[in-house]
Amino acid sequence: MLTETATTTAEPAFRVDNYVVNDEDLPIFHDMEFEDINQLDLDHPGANDPEYRKRRDYIASLSKKFRETGVITDVDYTDEEQGIWRHVATRLEELHQKHASPFYLKAKKDLGISTEHIPQLSEMNRRLKQLTGFRLAPIEGLVETRAFLSWLSYRVMLSTQYIRHHSRPDYTPEPDIVHESIGHIPMFTNQNFTDYSQFIGHGARIANDKQLEELGRLYWFTVEFGLVEDEGDIKAYGAGLLSSYGELEHAFGDEVERRPFDLEQVINTDYNYSDMQPVLYVVPSYTELKEATRKYIESFGK
Ligand SMILES: [Fe+2]
């Protein structure tokens, strides 16, 4: 919670804390106005496939319906979509055994995310709610940074439900259900990681434009591409790594510089969306990541 306190030189201008978000505390999803977020770029593998576009529009309509009703509609995935999932999830599972953080591996099991079928947001929500009070809300595409991050302050992640195009099962230029449920969602069973995400959300709601850009970098180098120390070893917890075998293999290769996490350095380091990442940051633990971020967000109020 953002709590106003008296400003002194020793004390932060306000304190950033975690808080439980009950159903009645949530902003009204109906108030979320998103225009044109179900658009495919021209270089998207499915851009010229009318069948794929029709299917995307249908799944988008389910996400839109959620905003009116507050109820998630499960997607009845086709055999072809399930086949894409099995292909990607099976190959990723092998690499995860080698490179993913032990916490992540256990979380994937606890959430029932298997190589067999695409998990439904509603199923994962039931489990997340019990474990960390976190929620997923369906969304039909990529939304702008401040809106996306701000929802984390309510312990909510906006999550896509569609899957990538069958012509390139190993690639997607945007988030899809593979990226969300294999990359992001398992980590929300970790209380410290979830608290950390909520801090980022608090920050996004009050950040000026420069601070928002810094938060975007912090998110990128942790939530998307983060590495963590694990009993003398280094493991992956970032969604961009865990949902892409190319990125995951690359992260542990010789061309990548794996640096100890330094918040000041991270928020001042640019990244490129489309290239393989040349530098990655290793956090000692999710608790330390959370506490460093608490101080940083509290500095926004000064
Ligand atoms: Fe992501």
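E231 sits in the loop between β5 (227-230) and β6 (233-236). Helices here are DSSP runs of H or I with at least four residues, strands are E runs of at least two, and both are numbered from the N terminus.

A word on the source. This is a predicted model, where local features need pLDDT of at least 70, side-chain atom pairs count only at pLDDT 80 or more, and totals for chains, interfaces and linings use all residues. Residues are numbered from 1 along each chain as its sequence is written, and side-chain values use heavy atoms, without hydrogens and water.

Back to E231. Its phi is positive, about 45 degrees, although E231 is not a glycine. E231 is exposed, at 82% relative accessibility. Exposed means over 50% relative accessible area, buried under 20%, partly exposed in between, with a 1.4 Å probe and protein chains only.

Now R155. R155 is not a glycine either, yet its phi is positive at about 55 degrees. R155 lies in the loop between α5 (145-152) and β4 (156-159). Is R155 buried or exposed? Buried, at 3% relative accessibility.

Next, β4. V156 and L158 point one way, M157 and S159 the other. All four are buried. In a regular strand, side chains alternate between the two faces of the sheet. Strand β3 (residues 135-138) runs parallel to β4, joined by 4 bridges. Pairing takes at least two DSSP bridges. P138 stands opposite S159.

Last, E33. E33 lies in the loop between β2 (14-16) and α1 (50-69). E33 is exposed, with a relative accessible area of 62%.
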